[in-house]
Structures are given as C-alpha cells and as structure tokens.
Amino acid sequence: MGISIPILKQDKDEKTVIAASGTLQPEDKIVLQTQAFTKLISSLELYECIASANLDESTESLSLKVHEHEDGAACVLLL
C-alpha cells in the first residue's frame with residue numbers, strides 16, 4: 001500500500017491534511033479519523049491493520065480496540 005495522493009494544503013503545524021487530490025486506483029484505501037481516534041490507535045497500528053486485511057476485517061479489528069475505551073468521540077471511516 002503506497003501513498004500517492006499529493007497534499008495540497010495542510011494546517012500550519014503540518015499535522016492535519018486539509019485537502020488532497022489524486023486519482024484513486026483499484027485497491028486504494030481512504031482513512032478518515034477523528035483526533036480522538038488517533039489518540040487510541042497509533043498510525044503504525046492503523047497501517048498494519050488495513051494493510052494486512054480486507055476492509056471488513058479491518059473494521060471489525062479496529063472497532064474492538066476502540067470499544068475497549070470509553071471515548072465516544074473516537075471514530076474512523078474506512079473506504
């Protein structure tokens with residue numbers, strides 16, 4: 001899974017992508033996550049989860065990890 005979407009604009013701290021553009025290819029995956037989610041699941045853990053499984057399995061695995069915590073703001077969308 002390579003990253004090939006060029007970043008058009010980031011926030012001033014370069015931690016949040018505000019806009020991106022690129023052509024989707026078969027098997028590309030899009031991840032949208034809340035800040036609360038990023039505090040529960042590391043980038044490496046997220047990458048390993050979505051790189052090694054289909055989206056259904058990734059969703060199930062991530063939901064189990066999120067439900068272990070009591071943070072209702074933690075959310076991720078996998079496309």
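**A guided tour of the chain**

Read along the sequence, the chain of this predicted model follows the pattern β-β-β-α-α-α-β. Coloured by secondary structure, the chain therefore shows three helices and four strands, as assigned from DSSP runs.

Begin with the whole chain and display its surface. The accessible surface comes to about 6,200 Å², and carbon and sulfur atoms hold 53% of that area. Of the 79 residues, 15% count as buried. Contacts may be displayed next. Among those in the chain with a separation of 6 or more, 49% are accounted for by residues 24 or more positions apart.

**First stop: helix α2 and Cys-49**

Select residues 43-51, which make up helix α2, and pick out Cys-49 within this helix. Is Cys-49 buried or exposed? Cys-49 has a relative accessible area of 9%, and it counts as buried because this value is under 20%.

Which residues does Cys-49 touch, leaving aside those up to four places away in sequence? Show Ser-58, Ser-61 and Leu-62, for these are the residues it touches.

**Second stop: helix α3 and Ser-61**

Proceed from Cys-49 to one of its contacts, Ser-61. This serine lies in helix α3, which spans residues 55-67. Its relative accessible area is 25%; Ser-61 is therefore partly exposed, since this value falls between the limits of 20% and 50%. Now select Leu-46 as well and draw a line between the two C-alpha atoms: Ser-61 and Leu-46 are 10.0 Å apart in space and 15 residues apart in sequence.

Select Cys-75 and compute its accessibility. At 43% relative accessibility, Cys-75 is partly exposed, whereas Cys-49 is buried. How many disulfides does the chain have? The count comes to zero, where a disulfide would require a pair of cysteine sulfur atoms within 2.5 Å.

Terms used:
Residues numbered from 1 in each chain as written. Predicted model: local features only at pLDDT ≥ 70, side-chain atom pairs only at ≥ 80, totals over all residues. Heavy atoms only, no water. Buried < 20%, exposed > 50% of the residue type's maximum accessible area, 1.4 Å probe, protein only. Helix = DSSP H or I, 4+ residues; strand = E, 2+ residues; numbered from the N terminus. Contact = heavy atoms within 4.5 Å. Areas by Shrake-Rupley, 256 points an atom, 1.4 Å probe, with all protein chains shown as cover.
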